[in-house]
Amino acid sequence: MNYRTVVMYMEIGCFVVCVSGWILVCSTMPTEIWTWSEVESIVLTSSNYFSNLWKDCVSDSTGVSDCKGIPSMFGLNWDIHMCRALIIISIILGFFGAILVLVGMKCTKIGGSEVANARVTFAGGMNYLVSGLCSMIAFSYYGNKIRAEFQDPNFRAQKFEIGVAVYIGWGGSTLLVIGGLICSVFAGKEACQSSSKNKHMPVYKLPDADVAPPAKETYRPVSTALTEGGESRESKTSRVSSETRRSGSSSKTLSSLNAYV
């Protein structure tokens with residue numbers, strides 16, 4: 001099994017873990033039991049008080065519950081608004097992180113080159129990581145506030161305990177942080193290595209196919225170089241010797257005729 005296959009399976013595992021954590025964080029929004037408290041009365045009846053970031057509810061032993069939304073947004077404390085904002089930001093970042101990781105994974109083959117896919121996967125992993133950190137801060141602050149009020153002896157109002165939604169949020173946030181961190185480390189390492197290799201690699205320019213290579217020059221020896229009259233030295237020498245031979249033969253013929261006469 002090569003390194004690319006290992007990274008591919010790691011990306012699939014991180015994607016499944018992060019999507020599971022994102023679903024758990026989203027499920028805490030409609031869940032009503034962020035805080036709960038049970039109050040027993042004298043007449044063998046009990047009332048359960050529970051609430052979340054959006055409404056307060058009460059139920060009795062018969063199973064009938066009544067919920068009431070928070071009447072004023074500006075009447076809430078700043079910490080409730082902070083928890084709302086952090087969880088909504090976490091859900092949005094987790095959604096975009098799922099899209100980026102799904103596009104950049106090696107098994108999907110949707111993106112372009114290996115470097116581009118690694119960068120997209122790294123961006124998705126960072127979105128998951130920031131999403132998990134935002135939700136973790138919100139749930140931890142909310143749970144710590146409930147714990148501090150419950151253990152404070154000077155707190156005279158009704159005391160609540162941590163509800164099931166906060167525990168689910170802690171689990172989902174942990175999955176988002178772990179999956180996003182592992183995905184970012186593997187994808188970022190591959191993207192940085194690929195970019196450094198491309199940076200130090202020499203660039204070779206290939207010749208154009210339409211341009212013909214230059215023709216090789218043929219060099220002749222000095223003896224065959226052209227003279228000022230346009231003839232080569234060898235041709236001129238052969239022409240002079242042939243003329244001399246021809247004139248010599250004609251003079252011999254004339255002398256023989258004169259002797260005969």
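1. Leaving aside neighbours within four places in sequence, E11 is in contact (heavy atoms within 4.5 Å) with M105, K106 and T121. E11 lies in helix α1, where helices (H or I, at least four residues) and strands (E, at least two) are DSSP runs numbered from the N terminus. With a relative accessible area of 4%, E11 is buried, the classes being buried under 20% relative accessible area, exposed over 50% and partly exposed in between, for a 1.4 Å probe and protein chains only.

2. On provenance, this is a predicted model, in which local features need pLDDT of at least 70 and side-chain atom pairs count only at pLDDT 80 or more, while totals for chains, interfaces and linings use all residues. Residues are numbered from 1 along each chain as its sequence is written, and side-chain values use heavy atoms, with hydrogens and water left out.

3. The protein chain holds 5 helices and 5 strands, and along the sequence these follow the pattern α-β-β-β-β-α-α-β-α-α. Of its 261 residues, 28% count as buried, and among contacts between residues at least 6 apart in sequence, 63% join residues at least 24 apart.

4. Helix α1 covers residues 3-27, and its end C-alpha atoms are 36 Å apart, which agrees with the 36 Å that its 25 residues should span at 1.5 Å a residue; the expected span is 1.5 Å times one less than the number of residues. Besides E11, the buried residues of α1 include V7, M8, C14, F15 and C18.

5. The UniProt record, an unreviewed entry, places the feature "transmembrane region" at residues 6-25, 85-105, 125-143 and 164-187; UniProt positions are given in the numbering used here, feature names are shortened, and annotations may be inferred rather than shown by experiment. In the model, residues 6-25 are 100% helix and 0% strand, with end C-alpha atoms 29 Å apart, and residues 85-105 are 95% helix and 0% strand, with end C-alpha atoms 30 Å apart.

6. Two residues of helix α3 deserve a look together. V120 lies in this helix and is partly exposed, with a relative accessible area of 28%; leaving aside neighbours within four places in sequence, V120 is in contact with L100, V103 and G104, and the C-alpha atoms of V120 and L100, 20 residues apart along the chain, are separated by 5.9 Å. N127, also found in helix α3, touches L93, F96, G97 and L100, residues up to four places away in sequence not being counted. N127 and L181 are 54 residues apart in sequence and 9.9 Å apart in space, C-alpha to C-alpha.

7. V58 is found in strand β3 (residues 55-60) and is partly exposed, with a relative accessible area of 29%. Not counting residues up to four places away in sequence, V58 touches N48, Y49, V64, S65 and D66, and its C-alpha atom is separated by 8.8 Å from that of K68, 10 residues apart along the chain.

8. The largest pocket has a volume of about 410 Å³. On a 1 Å grid over the protein atoms alone, a pocket is an open set of points where a 1.4 Å probe fits, with protein on both sides within 12 Å along at least five of seven lines, and lining residues have an atom within 4 Å of a point. The lining comprises 17 residues, of which S51, D56, I80, Y142 and K145 lie nearest the centre, and helix α3 (residues 114-151) gives the most, with 4 residues.

Methods:
Grid points are joined across faces, edges and corners, and a volume is the space filled by probe spheres set on the points.
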